[in-house]
Amino acid sequence: MLFSITNIFKELIKNTIMETKKLVRTIALDGLFIAILVIMTFVPYVGFIPFFFGVSITIIHIPVIIGALFLGWKKGLLYGLAFGLASLIKAATAPAGVLDPCFVNPLISVLPRILFGLAAGLLMVGVAKLKTSQVAKIFLISGASVIATVIHTVSVFFALGLIHQEFLTWEIALLFGTNLLIEMTVAALLTPLLYKSLEKPFANYLRKNTDADKIENVDYE
């Protein structure tokens, strides 16, 4: 009886330690990705690169895509939310273009980024689960990052146009379209490179995140 109680107690301690380690690693990884998003948001010419007439080329969505690829769609949702909130705060405190005051509205700055994070997460987890060669997977990741980029830019443009119809013009649409082409190119090239660079250190997370039976967040054991 005493032996059984001791074993149960040891198992409880072991499980508690494991859960604590997972929690610490989760917080550390989330903090890392969110810190990257914040730095890219507020350091000039890093995440938002000014273009013409107040439109900026955005590459901050790349960390969201990478986070979703390795850590799951729920993390994509979280990092999309962080991306949106950071852009809202930047628009409110340090506007750099004529369109920036519009992004104080969370329906323009936050909601499209949440939807983008979810879409990017589902796309990337779906691609990562495919049983293909490494070369094919690189092309699939590149293609998925392009689709995610399109979802991001188009959703932001339509949110802006629905709320501020004065900006729903051919000139603004052309600027967004040119912006989108640049962002698609950057995503198509940069995402596979980052994937290959981070594949080994994140291999354990990626394997657990792409379980064949379900899409879940990784188990940080």
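How many salt bridges does the count come to by the distance rule? I counted 2 salt bridges, taking a side-chain nitrogen of Lys or Arg within 4 Å of a carboxyl oxygen of Asp or Glu.

**Ground rules.** I am working on a predicted model, where local features need pLDDT of at least 70, side-chain atom pairs count only at pLDDT 80 or more, and totals for chains, interfaces and linings use all residues. Residues are numbered from 1 along each chain as its sequence is written, and side-chain values use heavy atoms, with hydrogens and water left out.

**Overview.** I listed 8 helices and 2 strands in the chain. They are DSSP runs, numbered from the N terminus (helices H or I, at least four residues; strands E, at least two). From the N terminus the order is α-β-β-α-α-α-α-α-α-α. The chain has 221 residues, and 41% of them are buried. I used under 20% relative accessible area for buried, over 50% for exposed and in between for partly exposed (1.4 Å probe, protein chains only).

**Salt bridges.** I looked up Asp30 and Lys75. Their closest N and O atoms are 2.9 Å apart, in a salt bridge. Asp30 sits in helix H1 (residues 2–42) and Lys75 in helix H3 (residues 73–93), so this pair ties together parts 45 residues apart in sequence. Both Asp30 and Lys75 are buried.

Next I took Lys196 and Glu199. This salt bridge has its closest N and O atoms 3.1 Å apart. Lys196 is partly exposed, because its relative accessibility is 42%. Glu199 is buried, because its value is 17%.

**Helix packing.** I turned to H2 (residues 61–71) and H5. They pack at an angle of about 45°, with axes 8 Å apart. The axes are lines fitted to C-alpha atoms, for helices over the stretch in contact, and angles run from 0 to 180 degrees between N-to-C directions. H2 and H5 are therefore oblique to each other. My classes were under 35 degrees for roughly parallel, over 145 for roughly antiparallel, 65 to 115 for roughly perpendicular, and the rest for oblique. The H2 and H5 crossing is right-handed: the near helix is turned clockwise from the far one by less than a right angle.

**Surface patch.** I found a nonpolar surface patch of Leu107, Leu111, Leu115, Leu162 and Ile163, with about 470 Å² of accessible area together. Patch residues have over 30% relative accessible area and no salt bridge; like charges are joined within 9 Å, nonpolar side chains (Val, Leu, Ile, Met, Phe, Trp, Tyr) within 5 Å. Areas come from the Shrake-Rupley method with a 1.4 Å probe; for residues, only the protein chains shown count as cover. Helices H5 (111–129) and H6 (134–163) each supply at least two patch residues. Leu115 lies in H5. Leu115 is partly exposed, because its relative accessible area is 47%.
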